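Okay, thanks everyone, let's get going.

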Amino acid sequence: MSATSQTQQHGLITAQAPSNIALVKYMGKTSTEGNLPANGSLSMTLDSLCTWARVRESRGGLNWNSDLFRGDEKVGSFSLRVPELSQRGKERILRHLSRVLEEAPAILSQVGLRSRVPQGLELGAANTFPAASGIASSASSFAAVTWAGVAACADSFSDFQKAWQTSSELRRFLAKLSRKGSGSSCRSMEGPWVRWEGQDAWRVSGTSVPDYTDLVLLAGKEEKEVSSSEAHVRVTTSPLWQGRVERATARLGHVESALITGDINALAEQVWQESWEMHSLFHTASPPFTYWLPRSVDILRFFAHPQRFQDLPRPVVTMDAGPNVHVLVPTAFAQQWRAQIESAFPHLEILEDRCGKGARGWSEGQ
Ligand code: PMV
């Protein structure tokens, strides 16, 4: 009997994948084909700051359909919003869905699952990030689309669901596939701490740090002037690029050890240095660029003297390719930290999300 079939239509499949925040950054590629990174990276997976990707079987072809969302759906306290995607954005994500449908049967068969071929799919996506919050949604979007697309190719959704929960191999296969659409999305499949090296991403086990909460300090909401794809290319022109891969590799080892031994001071120290190093690459590239806004600098200055906050656990402070500052604090101290920040920056908007376990999904209406 063939391992693929054309029977049984699935109903609506929804995948939820969170965003992740890198502690050791993926910056610079050895190959744009498949997004292979110049160095290993490590991130914390978030929970409710996420994307939902929804697919419904159709008569043929792959099409974007933003009407797959009802408009009143929520994740925790965050409302889901369907983003206004440009034609280019839609094409990029549909191209990825097409790659997912091509590769899914081989992946499913490697974990002992039967597959089927959907005639066509309609795809919609919605995010919980507030509109124009400066938070990149490509990691969560590509992870969610990958999950939904592979699930749509499984002969039995419930078998896929079970395999997702029990098979680390399946989770790694999906991470690998997602990476081809957007590099950092491979770190959104699992959580809370995920390491990515070359082709593979996996959950770091044996950690002994407490649960963390990410306080995202929104320093600016403008559209980025330099995309992350462009940043990956431009950093290699910086004189500081020399030795970067070796430094990042050493730091990755220190960060992973700090997570395992529970040394949150060492973690904070390493991550602070890493964030400054990535932004120094931006500032010294040719031509140079920056994501910092005056408000970002005010916030960095506030956190530059950790000895000021000795009665609270030291926060892990980092910035992505954007103006916002992520302040990761042990969840048990999140409200105390939030109060400190609000008193220093009374008008600052703060998003709050805890660490999470990665992607998941469900199906409705067979
Ligand atoms: O996945 P990309 O190509 O959007 O690159 C992400 C790059 C950073 O967010 C700046 C760092 C990282 O590791 O997530």
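Let me start at Pro313, which is found in the loop between helix 8 and strand 14 (316-318). When I say helix or strand, I mean DSSP runs numbered from the N terminus: H or I of at least four residues for helices, E of at least two for strands. Quick housekeeping: this is a predicted model, so local features need pLDDT of at least 70, side-chain atom pairs count only at pLDDT 80 or more, and totals for chains, interfaces and linings use all residues. Residues are numbered from 1 along each chain as its sequence is written, and side-chain values use heavy atoms, with hydrogens and water left out.

Back to Pro313: is it buried or exposed? It's buried, at a relative accessible area of 16%. Buried here is under 20% relative accessible area, exposed is over 50%, and partly exposed is in between, with a 1.4 Å probe and protein chains only. Setting aside neighbours within four places in sequence, Pro313 is in contact with Ile264, Pro330, Phe333 and Trp337, where contact means heavy atoms within 4.5 Å. Asn265 is 48 residues from Pro313 in sequence, and their C-alpha atoms are 8.1 Å apart.

Staying with prolines, there are cis peptide bonds to look at. The one from Ser286 to Pro287 is cis, with omega near -5°, and Pro287 sits in the loop between helix 7 (264-283) and helix 8 (294-303). Another cis bond joins Gly191 and Pro192, omega about 5°; Pro192 is in the loop between helix 4 and strand 11 (193-197).

Most residues other than glycine have a negative phi, and most peptide bonds are trans. Asn35 isn't a glycine, yet its phi is positive, about 50°. You'll find Asn35 in the loop between strand 3 (29-31) and strand 4 (36-37), and it's buried, with a relative accessible area of 8%.

Now helix 3, residues 157-166. Which of its residues are buried? Phe157, Phe160, Gln161, Ala163 and Trp164. They cover an arc of only 165° around the axis, so they're on the same side of helix 3; the arc is that of the directions from the helix axis to the C-beta atoms. The face turned away from that buried side carries the exposed residues Lys162, Gln165 and Thr166. And what do the buried residues of helix 3 pack against? Strand 2 (12-24), helix 1 (87-110), helix 2 (138-153), helix 4 (168-181) and strand 17 (360-364).

One more local stop: Ala125, in strand 10 (residues 120-127). Ala125 is buried, at 10% relative accessible area. Leaving out neighbours within four places in sequence, its contacts are Thr51, Trp52, Ala53, Trp64, Phe69, Val82 and Pro83. Phe69 is 56 residues from Ala125 along the chain, and the C-alpha atoms are separated by 8.0 Å.

Okay, zooming out. The chain has nine helices and 17 strands, and the C-alpha trace spans about 65 × 45 × 40 Å along its principal axes. Of the 366 residues, 56% count as buried. Among contacts between residues at least 6 apart in sequence, 79% join residues at least 24 apart.

Last one, charges: there are 38 positive and 37 negative side chains, and the centres of the two sets lie 2 Å apart. Lys and Arg count as positive, Asp and Glu as negative, while His and the chain ends aren't counted; each charge is placed at NZ of Lys, CZ of Arg, CG of Asp or CD of Glu. That's me done, thanks.
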